[in-house]
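I opened this entry to keep track of what I looked up, going from the whole chain down to single residues.

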Amino acid sequence: MVSEEETPVMTTTSRSTPAMTLYSLVDPMDPFYIHHTDNPGLVLVSKPLDGLNYLTWRRSMILALDGRNKLGFVDGSIPIPDFSDTAKLRMWKRNDSIVVSWILNSLTKEISASVIYSTSASNI
C-alpha cells in the first residue's frame with residue numbers, strides 16, 4: 001500500500017498551460033471534481049424558485065450544492081483563479097458553468113430570463 005507521502009503527483013502539460021495536478025479530476029473532495037452524474041441538465045430541487053418560496057428553495061439549493069462540493073462557486077469561497085493559470089481557469093469556468101446551469105434549471109422561466117446573462121454563479 002502506498003502512503004500519502006509516497007503517492008506520485010500526476011501532472012499534465014500542454015503548449016498553452018503550465019503543469020497542473022490531476023487530483024481534482026479523480027478526487028471527489030476537490031471542488032473541481034465533476035462526477036459523471038453532474039451534468040448541466042440536472043435539476044437539484046423539486047420546486048423551482050417562483051418568488052414566493054425563496055427560503056425553502058434557498059435551503060434546498062445550499063444542501064444540494066454543498067453535497068456536491070460546489071457551494072463555493074455560489075458563495076465566492078472558490079474565487080476565479082489567476083488568468084495566468086489557464087488550466088485551472090478552464091476547470092473553474094467549466095465547474096462554474098455547470099453550477100450556473102443547475103441554478104437556471106431551478107428557477108421559473110420568468111426568473112431565469114432575468115439572470116441568464118450573469119457572468120458567474122456567484123453573480124446570480
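**Burial and overall layout**

I began with burial, and of the 124 residues of the chain, 32% count as buried. I note here that the model is a predicted one, and I read every value below with that in mind. For the surface, I found an accessible area of about 8200 Å² for the chain, with 58% of this belonging to carbon and sulfur atoms.

I then looked up the secondary structure, which comes to 5 helices and 2 strands, and read the order from the N terminus as β-β-α-α-α-α-α. Among the contacts in the chain with a separation of 6 or more, 58% are between residues 24 or more positions apart.

**The nonpolar core**

Which residues touch the most other members of the largest nonpolar core? I found that this core has 22 residues, and that L44, M61, F73, V99, W102 and L107 are the ones with the most such neighbours. Two elements, helix 2 (54–67) and helix 4 (86–105), each give two or more residues to this core, and helix 4 supplies the largest share with 8 residues.

**Helix 4**

I checked the span of helix 4, whose 20 residues reach 28 Å from the first C-alpha to the last, close to the 28 Å expected at 1.5 Å a residue.

Conventions
Residues numbered from 1 in each chain as written. Predicted model: local features only at pLDDT ≥ 70, side-chain atom pairs only at ≥ 80, totals over all residues. Heavy atoms only, no water. Core = buried A, V, L, I, M, F, W, Y, C linked by side-chain atoms within 4.5 Å. Buried < 20%, exposed > 50% of the residue type's maximum accessible area, 1.4 Å probe, protein only. Helix = DSSP H or I, 4+ residues; strand = E, 2+ residues; numbered from the N terminus. Expected span 1.5 Å × (residues − 1). Contact = heavy atoms within 4.5 Å. Areas by Shrake-Rupley, 256 points an atom, 1.4 Å probe, with all protein chains shown as cover.
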